[in-house]
There are 2 protein chains.
Amino acid sequence: MQIVVLRLGHRPERDKRITTHVGLVARAFGAEEMLLAGNDHNIELSLNEVVRRWGGDFHLKAGVNWKDETKLWKAGGGKIVHLTMYGSNLMDAMEHIRLCNKIMVVVGAEKVPAEVYNVADWNIAIGNQPHSEVAALAVFLDRLFQGKELMQEFGGNLKIVPSFKGKQVLGYADKI
Amino acid sequence: MQIVVLRLGHRPERDKRITTHVGLVARAFGAEEMLLAGNDHNIELSLNEVVRRWGGDFHLKAGVNWKDETKLWKAGGGKIVHLTMYGSNLMDAMEHIRLCNKIMVVVGAEKVPAEVYNVADWNIAIGNQPHSEVAALAVFLDRLFQGKELMQEFGGNLKIVPSFKGKQVLGYADKI
């Protein structure tokens, strides 16, 4: 299954770290790309550095036009899931979503244009309380892949050996 | 089961929004309190405003000393789970963690003191790739409560009616 994440409404000053976390979660939880409706050189640097050190082929495409991207995605047979606290219950839709080959997951910042609700095949809530697009994306992908996403191998220069206590990192000469 | 979240290493300028998201996730995913090792008036305002509008009795205790809090928690029979990318696999420990009545979930920022790894009963990784403490907390609580946390009723002034499209909010006169 091919997953891309579309991040809407990024405001460079305010959202720098949240959008970076959205990108890191996208990569770590099995997406292959993040499309960013906006430009932010710092986020590109951070995400590229993580890929260089930790592996995988996740990439960021910045400066996209969300309308063009969603149109193109649908024309290519992809489906769109918009994560929003106003949406339907996740588990009601999950069996249908799991049948798709290509899913674009849209996560917004505070204000999302009304057209996004219409272009989405599913508007899905990870609970109907205010929380975080970072959390919503992680829980959505975790439920979608049923935990298997956390077992992926990224083949990076750095690799952690899971430890009961302390830190063990392969490929890293110094202590972190 | 009683859950509190301890947020370490908060730097007001840099972490303001990430720590707010940690607090919102803590509340929405079933914790009753966030302890903040640091002070940040803006975060207190944001979280209190969410509780006032959306309900529940979640609260923030800022300016705590993490050593005192973890000692006190353990003295009261509580267990400590530290979420870290260096830790053991979540599912290996989950059956034991589920037997606890009181769990403190510790989430750090970039640097976490080595003593935290020792004071924790479990150092747990939500995958061993770099991502986000917001995501780690959400997935941990989602797995712990097996999705039931998202069905909680908060009894707030505002309540969302889950919708296939658009936004429906009870108790709110204006359109959001």
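Predicted model: local features only at pLDDT ≥ 70, side-chain atom pairs only at ≥ 80, totals over all residues.
Residues are numbered from 1 along each chain as its sequence is written, chains are lettered from A and ligands numbered from 1 in the order in which they are written, and side-chain values use heavy atoms, with hydrogens and water left out.

**View 1. The open sheet of chain A.** In chain A, 6 strands with parallel pairing form an open sheet in the order E3-E2-E1-E5-E4-E6. Strands (E, at least two residues) and helices (H or I, at least four residues) are DSSP runs numbered from the N terminus, and two strands pair if DSSP finds at least two bridges between them. Strand E3 (59–62) and strand E6 (122–125) of chain A stand at the edges, and each has a single partner strand, so one side of each lacks a neighbour in the sheet. From one strand to the next, the twist averages 30°. Axes here are lines fitted to C-alpha atoms, for helices over the stretch in contact, and angles run from 0 to 180 degrees between N-to-C directions.

**View 2. Strand E4 of chain A and its surroundings.** Strand E4 (residues 79–89) of chain A runs parallel to E6(A) and is joined to E6(A) by 5 bridges. A:Asn89 stands opposite A:Ala125 in E6(A). Helix H4 (residues 90–97) of chain A packs on the sheet and touches E4, strand E5 (102–107) and E6 of chain A; contact means heavy atoms within 4.5 Å. The direction of H4 makes about 135° with that of E6(A).

**View 3. A:His82 and the residues around it.** The classes are buried (under 20% relative accessible area), exposed (over 50%) and partly exposed (in between), with a 1.4 Å probe and protein chains only. Not counting residues up to four places away in sequence, A:His82 touches A:Val106, A:Val112, A:Val116, A:Tyr117, A:Ala120, A:Trp122, A:Asn123 and A:Ile124.

**View 4. Two helices of chain A packed together.** Helix H1 (residues 12–28) and helix H6 (residues 133–145) of chain A pack at an angle of about 5°, and their axes are 9 Å apart. H1(A) is therefore roughly parallel to H6(A). Angles under 35 degrees count as roughly parallel, over 145 as roughly antiparallel, 65 to 115 as roughly perpendicular and the rest as oblique. H1(A) contributes A:Ile18, A:His21, A:Val22, A:Val25 and A:Ala26 to the contact, and H6(A) contributes A:Glu133, A:Val134, A:Leu137 and A:Ala138. By class, the contact of H1(A) with H6(A) has 7 nonpolar, 1 polar and 1 charged residues. Ala, Val, Leu, Ile, Met, Phe, Trp, Tyr, Cys and Pro count as nonpolar, Asp, Glu, Lys and Arg as charged, and the others, Gly among them, as polar.

View 5. A:Gln146 is found in the loop between H6 and strand E7 (159–160) of chain A. A:Gln146 is not a glycine, yet has a positive phi of about 50°; with 53% relative accessibility, A:Gln146 counts as exposed. In chain B, B:Gln146 lies in the loop between helix H6 (133–145) and strand E7 (159–160). B:Gln146 also has a positive phi of about 50° although it is not a glycine, and its relative accessible area of 52% makes B:Gln146 exposed.

**View 6. Strand E5 of chain B and its partners.** Strand E5 (residues 102–107) of chain B is mostly covered, as 5 of its 6 residues are buried. Strand E1 (residues 2–7) of chain B runs parallel to E5(B) and is joined to E5(B) by 6 bridges, and B:Arg7 stands opposite B:Val107 in E5(B). Strand E4 (residues 79–89) of chain B is joined to E5(B) by 5 bridges, also in parallel; here B:Ile80 stands opposite B:Met104.

**View 7. The relation between the chains.**
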